[in-house]
Amino acid sequence: MPETGSDWPGIADHGLIGDLRTAALVGTDGTIDWFCAPRFDSPSIFASILDRENGGSWKIAPADGAVRTQQFYFPESAVLATRFLTESGVVEVHDFMPVLQPGDPDHRQRLVRRVMAVRGSTTVHMRLDARPDYARATCEAETLEHGVVLTGDGVRLGLSATSDLTVDSGCVTADVDLAEGEVALFVLEVLDDDDELDDADLDDTASLFDATLSFWRTWLSQSTYRGRWRETVNRSAITLKLLTHEPSGAIVAAPTTSLPELIGGDRNWDYRYVWMRDAAFSLYALLRLGFTQEAKSFMVWLSERLGEDKDHGLGPLRVLYDIDGNQPQDEFMLDHLTGYRDSGPVRVGNAAVDQLQLDIYGELIDSVYLFNKYGDGISSDAWSDVTRVVDWVCENWDREDAGMWETRAGSQAHTTSRLMCWVAIERTIRMARQRGLPGDISAWAKVRDEIYERIMDRSWNSELRAFTQTEDGDALDAGVLLMPMVKFLSSADPKFLSTLDAIEDRLVVDSLVFRYDPSISPDGLEGEEGTFSLCSFWYVEALTRAGRLEDARLALEKMFTYANHLGLYAEEVGTTGDQLGNFPQAFTHLALISAATNLDKALDGG
């Protein structure tokens with residue numbers, strides 16, 4: 001029977017490593033229990049976070065167990081250390097993925113695990129159980145002089161080690177006695193059909209380790225942020241970088257699928273795709289920190305989507321794409337996996353791709369505007385694509401849609417969708433005027449003003465003294481906290497300030513913010529959800545813009561306490577303070593960056 005309850009690691013009990021192609025979750029118990037290869041959206045090889053017994057995993061830990069464990073990143077890097085404190089000694093496992101260098105035929109995709117006895121003597125046990133294709137396949141093992149080659153369902157992996165390996169039914173194990181100062185090495189490579197397995201070499205690995213540290217520190221040195229929360233902001237920046245698929249420029253929403261928003265519920269989604277909304281906000285956050293190359297790469301990816309010049313039945317752009325810019329596969333369920341803490345179903349694909357979500361146009365064109373302002377500037381072809389998209393927005397802004405929270409309760413007239421359509425048109429007008437670009441500014445301005453009046457007339461509830469989730473509605477939505485951030489309203493506008501008060505009264509619990517109240521505005525799903533960390537950081541920024549700087553600073557510091565031991569965040573925080581949802585979540589980290597940088601600026605008198 002699958003393990004349940006306390007035998008499961010917490011979602012937050014993990015660190016993230018990656019090579020800008022894919023990523024892996026490493027638990028505080030020394031287990032890699034999520035890894036897809038060779039890309040974020042490939043089928044999993046290790047998935048024990050979704051099925052403790054059958055998902056597949058790679059564990060390295062003291063054979064006799066540990067008294068305590070600690071986990072930390074090497075400073076300013078994505079190189080992770082897990083430390084085990086035992087009765088006989090202290091041992092560390094250093095986990096990293098070397099960043100692949102374009103054009104280097106010898107630089108393969110690798111999971112490197114270096115085990116070091118720091119003090120005393122320790123026997124370490126290693127067990128690798130690869131289960132390709134979301135654990136629908138097992139591996140056949142071929143033992144070589146210096147390692148093992150594992151093959152299954154089109155996946156070919158090579159495990160090399162500095163110690164003897166034992167193979168039993170496709171599982172590879174080893175027991176290594178380490179005295180103080182001694183090192184053992186295990187390297188898992190993703191092999192092509194004709195690749196030979198390299199030896200595990202401690203000197204070569206030391207060079208890889210140093211080169212990987214150097215890569216991350218050199219990259220991070222580009223950051224322009226020098227504020228009060230530098231370490232926290234830097235960790236969020238590294239996390240966003242880890243969610244970037246470097247060859248394409250795409251940015252995935254999260255590296256995982258189906259980690260639940262409610263334990264025992266079915267709010268489990270596959271987030272290993274490029275959400276237009278998430279990626280656009282990520283671009284903004286990276287630009288704020290001075291990472292213009294990532295912004296430029298994503299703009300290339302985005303320009304290809306803008307230039308497709310076709311209507312998918314839901315507008316010129318989809319809500320989400322796969323890494324290559326194609327429509328993801330249809331959503332389906334993996335019934336053979338139990339789900340995290342038996343919270344099924346486990347989903348692959350995401351049916352939200354078939355939804356109309358009008359807000360994406362505002363977020364995307366705002367990112368284009370920011371890139372045009374702070375980056376290299378957009379090309380003439382890109383401008384033609386933007387104007388074509390905006391012309392479509394002008395004709396379709398008043399349609400009902402699924403909204404930015406992707407509810408499955410049917411289409412409605414969402415205020416945030418109207419708001420972001422206003423942003424799309426307003427930013428396009430700004431770009432045209434700033435650079436003298438061609439376009440029907442008067443026609444755009446007419447629609448922009450029409451949207452403004454519609455929001456002020458139909459989305460304002462005079463009894464609640466707040467802007468509501470939908471037109472003529474009575475439910476609140478934390479998404480309207482964006483109004484001053486996108487310059488729709490002044491942060492001193494009485495209507496915004498009273499909306500902020502109403503949201504504090506109904507959706508905020510000790511600085512944590514719910515997106516909306518499903519009991520008042522049903523979302524078509526069973527059960528409740530936790531507070532949404534993105535909205536909690538939006539709340540900090542709203543307080544900042546409203547001039548309530550001490551309240552904002554306290555709310556921000558409280559949010560920092562909900563990060564895990566490494567400074568990472570999932571999507572939501574549950575009633576017990578546990579992190580819920582896919583992990584780590586780009587949305588949360590980009591909102592942290594925005595909230596921290598803006599509060600810093602305000603505290604400094606900016």
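How many bridges pair strand S14 with S15, and in which sense? Strand S14 (residues 166-168) and S15 are antiparallel partners over three bridges, where two strands pair if DSSP finds at least two bridges between them. Helices (H or I, at least four residues) and strands (E, at least two) are DSSP runs, numbered from the N terminus. This is a predicted model, in which local features need pLDDT of at least 70 and side-chain atom pairs count only at pLDDT 80 or more, while totals for chains, interfaces and linings use all residues. Residues are numbered from 1 along each chain as its sequence is written, and side-chain values use heavy atoms, with hydrogens and water left out.

**The open sheet**

- Eight strands form an open sheet with antiparallel pairing, in the order S6-S7-S8-S9-S16-S13-S12-S11.
- At the edges stand strand S6 (68-73) and strand S11 (140-144), each with a single partner strand, so one side of each has no neighbour in the sheet.
- On average, and with direction ignored, neighbouring strands of this sheet are turned by 15° against each other; axes are lines fitted to C-alpha atoms, for helices over the stretch in contact, and angles run from 0 to 180 degrees between N-to-C directions.
- Six bridges link S6 with strand S7 (residues 80-85) in the antiparallel sense, and Tyr73 stands opposite Leu80 in S7.
- Helix H2 (residues 202-220) packs on the sheet and touches strand S8 (89-96), strand S9 (110-120) and strand S16 (183-190); contact means heavy atoms within 4.5 Å.
- The direction of H2 makes about 65° with that of S8.
- Strands of a sheet pair through backbone hydrogen bonds, either parallel or antiparallel.

- Strand S5 (residues 57-62) pairs with S10 in the antiparallel sense over six bridges, and the bridge partner of Pro62 in S10 is Val124.
- Strand S10 (residues 122-129) and strand S15 (residues 171-178) run antiparallel and are joined by seven bridges.
- In S15, Asp175 is the bridge partner of His125, and Thr173 is the bridge partner of Arg127.
- Asp168 has Cys171 in S15 as its bridge partner.
- S14 and S15 form a hairpin with two residues between them, and Ser169 in the turn has a positive phi of about 55°.

**Backbone features in loops**

- Ala37 and Pro38 are joined by a cis peptide bond with omega of about 10°; Pro38 is in the loop between strand S3 (31-36) and strand S4 (44-46).
- A cis peptide bond also joins Phe583 and Pro584, with omega of about -20°; Pro584 lies in the loop between strand S29 (579-580) and H13.
- Leu20 is not a glycine but has a positive phi of about 70°, and its place is in the loop between strand S1 (14-18) and strand S2 (23-27).
- Leu20 counts as buried, because its relative accessibility is 0%; buried means under 20% relative accessible area, exposed over 50%, partly exposed in between (1.4 Å probe, protein chains only).
- Glu76, in the loop between S6 and S7, has a positive phi of about 55° although it is not a glycine.
- At 41% relative accessibility, Glu76 counts as partly exposed.

**Pockets**

- On a 1 Å grid over the protein atoms alone, a pocket is an open set of points where a 1.4 Å probe fits, with protein on both sides within 12 Å along at least five of seven lines; lining residues have an atom within 4 Å of a point.
- Grid points are joined across faces, edges and corners, and a volume is the space filled by probe spheres set on the points.
- The largest pocket has a volume of about 580 Å³; of the 26 residues that line this pocket, Tyr284, Asp366, Leu370, Met485 and Arg545 are the closest to its centre.
- At least two lining residues of the largest pocket come from each of helix H4 (276-288), helix H6 (359-374), helix H8 (415-435), helix H11 (533-545) and helix H13 (586-603).
- H6 gives the most to this lining, with seven residues.
- The lining of the largest pocket has 13 nonpolar, three polar and 10 charged residues (Ala, Val, Leu, Ile, Met, Phe, Trp, Tyr, Cys and Pro count as nonpolar, Asp, Glu, Lys and Arg as charged, and the others, Gly among them, as polar).
- The second largest pocket holds about 460 Å³ of space; of the 25 residues that line this pocket, the closest to its centre are Glu529, Gly530, Gly574, Thr575 and Leu580.
- The lining of the second largest pocket divides into 10 nonpolar, eight polar and seven charged residues.
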